[in-house]
Amino acid sequence: MWILPLKVNKEDFKRLLKEKGLKMTRQRLVVLEVLAENPEQHMTAEEIYERIKAANPDIGLATVYRTVQLLLELELIDRINLDDGFVRYEIGSMGRKKHHRHHHLICLKCGKVLAFQEDMLETLETGVREAIGFRVTDHEVKLYGYCRDCSEKEDRENQEEKI
């Protein structure tokens, strides 16, 4: 089983690519490193490109798109949809057999996206399997509401209106 740490191990990455009949390129490594170095960010291909283009002017946006697709196929990154009209990517399962993504909390007021690591759905998954024989292998949860800052601001505004 191949697991990628947040800091990219070049030899492990090279070995994984070789197992798949692919070569390690600087472009592939750079894109993976950007995602690994920013685990809490949910970046579009364009945002990944913006982060790498200054130091790597020879890497084009099309290369980033192709590389992101390859990393998805290798299960090193995950594609997520935060309902904002963009496809976003984050460092992912990285070959782990039992994998659940973290969950996303999306503020309806400011648009902030927070990651929530606690997996509270294991009991539900067990119940589903026992009840109907369906084995859940993954899930994605998005919860919508208001972040702490927006909630506190709204509470202050409500208090001021009462005065």
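I looked up Asp12 first, and in this predicted model Asp12 is buried at 17% relative accessible area. My cut-offs: buried is under 20% relative accessible area, exposed is over 50%, and partly exposed lies in between, with a 1.4 Å probe and protein chains only. Local features need pLDDT of at least 70 and side-chain atom pairs 80 or more, while totals for chains, interfaces and linings use all residues. Residues count from 1 along each chain as its sequence is written, and side-chain values use heavy atoms, without hydrogens or water.

**Asp12 and its partner**

I found Asp12 in a salt bridge with Arg15, at 2.2 Å from N to O. I call a pair a salt bridge when a side-chain nitrogen of Lys or Arg is within 4 Å of a carboxyl oxygen of Asp or Glu. Arg15 is partly exposed, at 44%. Both residues sit in helix H1 (residues 10–19), 3 residues apart, or about one turn of the helix. I take helices (H or I, at least four residues) and strands (E, at least two) as DSSP runs, numbered from the N terminus.

**Other salt bridges**

How many salt bridges does the whole structure hold? My search gave 7. Arg88 pairs with Asp84 at 2.7 Å, N to O. Arg88 is buried at 11% relative accessibility. Asp84 is partly exposed at 33%.

Next I checked Asp149. Its salt bridge goes to Lys112, with the closest N and O atoms 3.3 Å apart. Asp149 lies in helix H6 (residues 148–162), and Lys112 lies in the loop between strand S3 (103–107) and strand S4 (113–116), so this pair ties together parts 37 residues apart in sequence. Asp149 is partly exposed at 48%. Lys112 is partly exposed too, at 32%. I also noted a network: salt bridges with shared partners join Glu47, Asp84 and Arg88.

**Nonpolar core**

I then turned to the largest nonpolar core, which has 26 residues. Such a core is a set of buried Ala, Val, Leu, Ile, Met, Phe, Trp, Tyr and Cys residues joined through side-chain atoms within 4.5 Å. Ile48 and Ile77 have the most contacts inside this core. At least two residues each come from H1, helix H2 (26–37), helix H3 (45–53), helix H4 (61–73) and strand S2 (87–91). H2 gives the most, with 7 residues.

What does Ile48 contact, leaving aside neighbours within four places in sequence? I listed Val31, Val34, Leu35, Met43, Val64, Val68 and Tyr89. Contact here means heavy atoms within 4.5 Å.
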